[in-house]
Amino acid sequence: MGQTNMFGDEDEDDNFSVNLQDYKDILPKDVQVREQKRAEVLNSWVERERQRQRLAASHFAAKSYYLHFFPVSALTLASGIISLIFAVEYDDGGDHKRAVNADLTVFLAGVLSLITTFWNATGERANWTGKLEQHNLATLQLQRMDIELDAVLITGIKTPADVKKIGRLQNEVLGIPRNLTSLLPSEIVEAFTLLETRIATLYSTQQVIRNVYKRENELQKIAYGELAGVISSYFGFPLILPPPKCSVKKALQRFQKSIKANATLFDDVEVALSKNSCQVVHTIQKTRIQEQQKAPFELKTRDSSDKEDA
């Protein structure tokens, strides 16, 4: 028996949530619905991992270039130029001043060589290039899986062959983190974890959001793209990653503009989380539902409200 994974199935090959031997052709409707939900959750998880791996690959690529390749190349070039100068001035012809200059040139060339050796050893120890290759490979694998999952979700899960395909993709997805020896940067992990918490709170407390998005994973998949866009547009990216709280807040603000809902939804969620009170969340939810019942046609974005006030 394998361990139970995040999808509720045992983590073993060819071990799925339905017994495929019981069905020869078309799956029953209830099984189709259940497997469709499992595929949607898997699709959301693939999107999250793809964005995280892509951001990590860009980050380590920048570190590999700016903190290893470029400095080592510049130091090696400077050391070579100084060595050439020494070669030209080596024959001092008894001139004391030229002899001193030659000694200084040799000393500088030696110092630069030592710094280059130390810097190169430090860069190789950090192994940014190896981490870049791992995360790039994981990104490509997840991108392929995302395309396959989208194709299955479009056509629908109707046959045992579709279930087998979902199970195969699930095992491949779960196997990617195990094959990585490089850890994701903590800023990226914290940002996506914080975003999931915010989205879960938003979805559970706002009926208007549930009217637009029938499942939470639909909301999450869109939010992951917004967060990745915010991190990518940070002024120091890809070398410097933004603080998780700032990037999540900006991602929620951008996401707020893309949905037809009350513009104060995310402000309400922030208040509820900061006060850590279930009563506050309940009051907010009740107030919003009453507003929707009284004036269902007056839901406006904050931008349009500002224009009217002006």
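Helix α5 passes α7 in a right-handed crossing, where right-handed means that the near helix is turned clockwise from the far one by less than a right angle, and left-handed anticlockwise. This is a predicted model, in which local features need pLDDT of at least 70 and side-chain atom pairs count only at pLDDT 80 or more, while totals for chains, interfaces and linings use all residues. Residues are numbered from 1 along each chain as its sequence is written, and side-chain values use heavy atoms, with hydrogens and water left out.

The axes of α5 and α7 come within 10 Å and cross at roughly 140 degrees, the axes being lines fitted to C-alpha atoms over the stretch in contact, with angles from 0 to 180 degrees between N-to-C directions. That angle makes α5 oblique to α7, since angles under 35 degrees count as roughly parallel, over 145 as roughly antiparallel, 65 to 115 as roughly perpendicular and the rest as oblique. On the α5 side the contact (heavy atoms within 4.5 Å) is made by residues including F192, L195, I199 and Y203, which meet α7 residues including L219, A223, L227 and I231. The residues of this contact divide into 12 nonpolar, 1 polar and 2 charged; Ala, Val, Leu, Ile, Met, Phe, Trp, Tyr, Cys and Pro count as nonpolar, Asp, Glu, Lys and Arg as charged, and the others, Gly among them, as polar.

Among the buried residues of α5 are F192, L195, I199 and Y203, where buried means under 20% relative accessible area, exposed over 50% and partly exposed in between, with a 1.4 Å probe and protein chains only.

Helix α7 also meets α8: their axes come within 8 Å and cross at roughly 120 degrees, which makes α7 oblique to α8, and this crossing too is right-handed. Residues of α7 including L219, L227 and I231 meet α8 residues including V248, A251 and F255, and the residues of this contact divide into 8 nonpolar, 2 polar and 3 charged. In the loop between α7 and α8 lies P238, and the peptide bond from F237 to P238 is cis, with omega near 10 degrees.

Elsewhere, R50 of helix α1 counts as buried because its relative accessibility is 18%. Leaving aside neighbours within four places in sequence, R50 is in contact with T139, L142, Q143 and D146. N127, in the loop between α2 and α3, has a positive phi of about 55 degrees although it is not a glycine, and N127 is partly exposed at 38% relative accessible area.

Terms used: Helices (H or I, at least four residues) and strands (E, at least two) are DSSP runs, numbered from the N terminus.
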